[in-house]
Amino acid sequence: MEHLNIPPANHVKVLDGQGWVGLIDHLGSESTIVNAARVSFGKIKSAMDERDVKLLAYLIDNHHTSPLEHLVFTFSVHCPLFIRGQWHRHRTWSYNEISRRYTEIDMEYYVPPQLRRQSENNRQASFEDPDFEDAELRKLIDEHNRKSNELYEKLLASGVCREQARGVLPQNMMVTFWGTVDLSNLLHFLQLRDSDHAQSEIREYAKAIKKLIKPIVPNVAAYFETKGDQW
């Protein structure tokens, strides 16, 4: 039996290698999309041609999203809890997650390699300041993680149940979950999360997903690249 916290073979590392997102499985292809769009004609094709590529672009251009919903992806994601919280705002995904009610193994905490400053005119924004001396602050974060874990282990050793003891664990604890989503809703996720307005950490995950799915949906990727999007 493989361990959940080990990334699948097809994965991309993020957050300086501490996090990752992997492609577990997918159902369908770009041919599935155009076949779904033409189902009312009772026709089906096994390979894409130039007409199919144009149809694919037409569907995306005109927000005819239902054919895209027939292509489905399942990912494994290893990320801090605060990123998981943002991710789960996307309720069109299906999620299953490792639970600290059942296990206390592989406790891991994320310490940013660089701290950013808070924007003064946007509560949702931050910026990198090369003059920000954050070494001592990052040490304090690491110390806080260690003390939180020590308290957690002490509570367990004293007989406290896992479901209550986990309440002392910080938001930068790493967690692993599976997420399944259709292409239409995945594209919406990528539009929001690979954006200048998104938190930089979750943006790394969005960019990684693009790399994972590009070989499966090359014409979709090419469509967005013509619009100036980076895949």
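Trainee: What covers the buried residues of H6?
Mentor: This is a predicted model. Helix H6 spans residues 183-193, and its buried residues are Leu183, Ser184, Leu186, Leu187, Phe189, Leu190 and Arg193. The cover over them includes helix H1 (30-37), E3, helix H3 (81-87), strand E7 (174-182), helix H7 (200-213) and helix H8 (218-226).

Trainee: At the start of H6, which residue has a side-chain oxygen that reaches to the backbone nitrogen of serine 184?
Mentor: Serine 184 is among the buried residues of H6. Its backbone nitrogen has a side-chain oxygen within 3.0 Å at the start of the helix. That oxygen belongs to aspartate 182.

Trainee: In what order do the strands of the open sheet stand?
Mentor: The sheet has 5 strands, and the pairing is antiparallel. Strand E1 (11-14) and E4 stand at the edges with a single partner strand each, so one side of each has no neighbour in the sheet. From one strand to the next, the twist averages 20°. The order is E1-E2-E3-E7-E4.

Trainee: Which strands of the sheet does H6 touch, and what angle does its direction make with that of E7?
Mentor: H6 packs on the sheet. The strands it touches are E3 and E7. Its direction and that of E7 make an angle of about 125°.

Trainee: How many bridges join E2 to E3?
Mentor: Strand E2 covers residues 19-27 and runs antiparallel to E3. The number of bridges joining E2 to E3 is 7.

Trainee: Over how many bridges do E3 and E7 pair?
Mentor: E3 and E7 pair in the antiparallel sense. For phenylalanine 73, the bridge partner in E7 is valine 181. The number of bridges between E3 and E7 is 9.

Trainee: Which residue of E7 is the bridge partner of glutamate 97?
Mentor: E4 and E7 run antiparallel and are joined by 4 bridges. Glutamate 97 has its bridge partner in E7. That partner is phenylalanine 177.

Trainee: How many of the residues of E7 are buried?
Mentor: Phenylalanine 177, in strand E7, has 0% relative accessibility, so it counts as buried. E7 is largely enclosed by the rest of the structure, because the buried residues make up most of it: 7 of the 9.

Trainee: Is threonine 74 buried or exposed?
Mentor: Threonine 74 lies in strand E3, residues 72-80. Beyond its neighbours within four places in sequence, its contacts are Gly22, Leu23, Ile24, Asp25, Trp178, Gly179 and Thr180. Its side chain also makes a polar contact of 2.8 Å with the side chain of threonine 180. Its relative accessibility is 14%, so threonine 74 counts as buried.

Trainee: How many aromatic pairs does the structure hold, and what kind of pair do phenylalanine 75 and tryptophan 93 form?
Mentor: The structure holds 12 aromatic pairs. In the pair of phenylalanine 75 and tryptophan 93, the ring centres are 6.1 Å apart and the planes stand at 35°, so the pair is tilted.

Trainee: Where are the two partners, phenylalanine 75 and tryptophan 93?
Mentor: The pair links distant parts of the chain, 18 residues apart. Phenylalanine 75 is buried, at 0% relative accessible area, and tryptophan 93 counts as buried at 5%. Phenylalanine 75 is in strand E3, and tryptophan 93 is in the loop between H3 and strand E4 (94-97).

Trainee: What kind of aromatic pair do tyrosine 95 and phenylalanine 177 form?
Mentor: Their ring centres are 5.7 Å apart, with 70° between the planes. Tyrosine 95 is in strand E4 and phenylalanine 177 in strand E7, 82 residues apart. Both belong to a cluster linked by ring pairs, along with Phe73, Phe75, Trp87, Trp93, Phe189 and Tyr205. The pair is edge-to-face.

Trainee: Is phenylalanine 41 buried or exposed?
Mentor: Phenylalanine 41 is in the loop between H1 and H2. From glycine 22 the separation is 19 residues in sequence and 37 Å in space, C-alpha to C-alpha. With a relative accessible area of 64%, phenylalanine 41 is exposed.

Conventions. Residues numbered from 1 in each chain as written. Predicted model: local features only at pLDDT ≥ 70, side-chain atom pairs only at ≥ 80, totals over all residues. Heavy atoms only, no water. Helix = DSSP H or I, 4+ residues; strand = E, 2+ residues; numbered from the N terminus. Buried < 20%, exposed > 50% of the residue type's maximum accessible area, 1.4 Å probe, protein only. Polar contact = N/O pair within 3.5 Å; in protein donor to acceptor, adjacent residues only side chain to side chain. Contact = heavy atoms within 4.5 Å. Phe/Tyr/Trp six-rings, centres within 6.5 Å; stacked < 30°, edge-to-face > 60°. Pairing = 2+ DSSP bridges. Axes fitted to C-alpha atoms, helices over the stretch in contact; angles between N-to-C directions.
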